[in-house]
Amino acid sequence: MRKLTRFTTLSLSLSLCGRILLGLSAATAATFAVSPVVLAAPKASKSIAVHVEGPNADAIREDILSLVPKTLEVVEPAAFSKALKGAGQTKPVGDAVVMKGLRKKSIDRIRKAGKTVKAEGVIYGVSRTNKKKKKEVYLVYVDENAGDLAVDGAVPLGGSDDDRKKALEDLLGPTLAQIAPPPADDEKKDGGGDGDGDGEGEGGDGEDGGDGDGDGEEKAEGGKDDGGPARKRNDVRSALFSVELGVEFVGRWFDYSDPLSQNLRPYNVFGQPALSVSAELYPLAGTNIAVLKGLGITAGYARALGLNSAVGDGDPLSTTYQRINLGLRERLTLGESTVLGINAGVRFLTFEIDAPDDLAATVPNVDYTIFRAGLDARIPAGPVALALGADYLMPLSTGPVYDRFTGASVQGIGATAGVLVPVAKGIEARLLVEYARFFSSFQPELSDDYAAGGATDQYLGIRLAGAYIY
């Protein structure tokens, strides 16, 4: 049978990835097809609910209301309070809204109350004293979309009134501008003014400026104008891109099972340092297009530094180990914080010992071209997050060591586990362990120069890395 060339295997891999992309695109088209009314609905009058609990709640609520665009209606406080009790939230939410692992029930009740009063969303605040003994108001924006919260953060209350209002505007302004309907044509004309009132003219300018600020950031991050939740910068659930750079300590173990000939040489190495870099790009993250907003392009590269191999006490042999990953990833948010990834792509894995002719025929050199598909998850665990993943690895081409054997069949699996620690906004430290195992079977014949029942080829990488998430 004719052996696959590198070009052929790459073409097959890209073809498989392309089919996956087409499938996702078809799913998107189906989503549009079954919900034409929602997608084509014109912008109409919208309302929001604003509710604050805790010390100085009324004053904080007034500050928030001063930021609400004139085109947004505000639900009566009594009506929302009644709906909140009807949803099952009979007591103040308190610190539960701050603790992401414990707030799901409260958020669901706030969401239900918002639907009851027919609000576009709910700004819910809790005035409190945090662990550092500082007064703050913690704010969330809850709408009908389960998962991402467009607003999820605290505003300090210890400064001046102007400082507090500025912090509230920074946190809430982009979301309010995003959900507010545009002013009617006659309002725009009045805003242009005929000079009858300076106050009115300034009000019009202020509104235009507010809208411009909010839209400017969203357009810069994807041209999003569909009324969906704003993309949160530095949030893994809606990041536009992420970049990781690290040092990896790699190992490889190659061994034969049921060896029948005497010319089979196993191999092992561990602790060899390597540099690694990887990135993810989500071009449509700033939109609200189903499926496509979470579809990203992934790439990664790793290469061992100064790796040498030797047979017994023999001379060191220059050895190349490198790994290249290219693929697609669909990012999904489960609950409030858990992120699930569905990925597919191609991996090129090379491990080549530059051996002289008398050894070249015995060293386990490989040059894998692999189609990979799998799942990964990021699960919050207190102040850190856990990373878990599993891959199916299907070699499309394998390399010299397998060419020596009759009827070689190779399959593979992969797994990832690690801890992700936030360091600063958008920056995190990562400790990751990656494992890949290729298992093969052969069909030896009596006349074969190389004969064994099969082989295992295992790779382990322990990576210390830093990542930036935008």
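**Exercise 1.** Which strand supplies the largest share of the lining of the second largest cavity, and how many residues does that share hold?

*Solution.* The model is predicted, so that local features need pLDDT of at least 70 and side-chain atom pairs count only at pLDDT 80 or more, while totals for chains, interfaces and linings use all residues. Residues are numbered from 1 along each chain as its sequence is written, and side-chain values use heavy atoms, with hydrogens and water left out.

Begin with the term: on a 1 Å grid over the protein atoms alone, a cavity is a set of points where a 1.4 Å probe fits but cannot get out, and lining residues have an atom within 4 Å of a point.

Next, list the lining, which includes Val250, Arg252, Gln272 and Tyr459. Strands E6 (241-259) and E7 (267-281) each give at least two of its residues, strands being DSSP runs of E with at least two residues. The largest share, 3 residues, comes from E6.

**Exercise 2.** In what order do the 5 strands of the open sheet lie?

*Solution.* Two strands pair if DSSP finds at least two bridges between them. The order is E2-E1-E3-E4-E5, with mixed pairing, and the edge strands, E2 (72-74) and E5 (152-156), each pair on one side only. Within the sheet, E1 (residues 46-53) and E3 (residues 121-129) pair in the parallel sense over 6 bridges, and Ala49 has Val122 in E3 as its bridge partner.

Key: Helices (H or I, at least four residues) and strands (E, at least two) are DSSP runs, numbered from the N terminus. On a 1 Å grid over the protein atoms alone, a cavity is a set of points where a 1.4 Å probe fits but cannot get out, and a pocket is an open set with protein on both sides within 12 Å along at least five of seven lines; lining residues have an atom within 4 Å of a point.
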